[in-house]
Amino acid sequence: MNLPNKLTLSRVIMVPFFVVFMLLVPKYTYFKWIAFGIFVVASLTDLLDGKLARKYNLVTNFGKFMDPLADKLLVCSALIGMTSLSVIPAWITIVIIAREFIISGFRLIAAEQGVVIAAGIWGKLKTTFQMVMLCVQMMVMDYYIFPMEMQTAPAFYRVLMVIGIVTMYLALLLTIVSLVDYLLRNKGILKDVT
């Protein structure tokens, strides 16, 4: 197993630790920083594994399959956890996760035909914005959980909340755009099945 694939697997391994610390934030608010740290490190492995694989010609079918799956595990875990903590609206989480199910099903159809589909530029942008949005939301999540504390929060946190909302809707928009782009670029695969 090469280094990019090890980085991808390390991202998968970090997900349960991230989820535990995130879900303990209502009881121990400082755990948001541990969850945030794990999420940032996991997100950086996403950046590194792809760059290393391309730079050193270490691209494998395992990496093409596992890298997007690891991203989905990390992002969907964060979305579901933050929805349960009332940080992110449920409908946004549903739209984002529905897109992931649609693309995963589409990839399975392609795999049955012997085609491995790598992520496109819109998918990469979508993932980047989702991760940025989740990082920002993590920094202010305790103010969503305990809204009364927002009155005494420094102005910096209020700015972060606005940035979190803007990036949340940008991530949602990119989620929809990337889905449409993905389906249009690969519509031939669906024609073969139907």
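Colleague: Which residues form one aromatic cluster?

Modeller: In this predicted model, the cluster consists of Phe21, Tyr28, Tyr30 and Phe31.

Colleague: What makes the pair of tyrosine 30 and phenylalanine 31 edge-to-face?

Modeller: Their planes stand at 85°, and an angle over 60 degrees counts as edge-to-face. The ring centres are 5.0 Å apart, and rings pair if their centres lie within 6.5 Å.

Colleague: How do you know whether phenylalanine 31 is buried or exposed?

Modeller: The relative accessible area of phenylalanine 31 is 14%. Buried means under 20%, so phenylalanine 31 is buried.

Colleague: How many aromatic pairs does the structure hold, and why is the pair of phenylalanine 18 and phenylalanine 39 called tilted?

Modeller: There are ten aromatic pairs. In the pair of phenylalanine 18 and phenylalanine 39, the centres lie 5.3 Å apart and the planes meet at 45°. Stacked requires under 30 degrees and edge-to-face over 60, so this pair is tilted. Phenylalanine 18 belongs to helix α1 (residues 3–23) and phenylalanine 39 to helix α2, so the pair ties together parts 21 residues apart in sequence. Both residues are buried.

Colleague: Why is α2 called roughly antiparallel to α3?

Modeller: Helix α2 (residues 31–55) and helix α3 (residues 61–84) pack at about 160°, with axes 11 Å apart. Angles over 145 degrees count as roughly antiparallel, so the term applies to α2 and α3. The crossing of α2 past α3 is left-handed.

Colleague: Which residues of α2 meet α3?

Modeller: Phe39, Ala42, Ser43, Asp46 and Asp49 of α2 meet Asp67, Asp71, Leu74 and Ala78 of α3. The residues of this contact comprise four nonpolar, one polar and four charged.

Definitions and conventions: Residues numbered from 1 in each chain as written. Predicted model: local features only at pLDDT ≥ 70, side-chain atom pairs only at ≥ 80, totals over all residues. Heavy atoms only, no water. Axes fitted to C-alpha atoms, helices over the stretch in contact; angles between N-to-C directions. Helix = DSSP H or I, 4+ residues; strand = E, 2+ residues; numbered from the N terminus. Parallel < 35°, antiparallel > 145°, perpendicular 65-115°, else oblique. Left-handed = near helix turned anticlockwise from the far one by under 90°. Contact = heavy atoms within 4.5 Å. Nonpolar A, V, L, I, M, F, W, Y, C, P; charged D, E, K, R; others polar. Phe/Tyr/Trp six-rings, centres within 6.5 Å; stacked < 30°, edge-to-face > 60°. Buried < 20%, exposed > 50% of the residue type's maximum accessible area, 1.4 Å probe, protein only.
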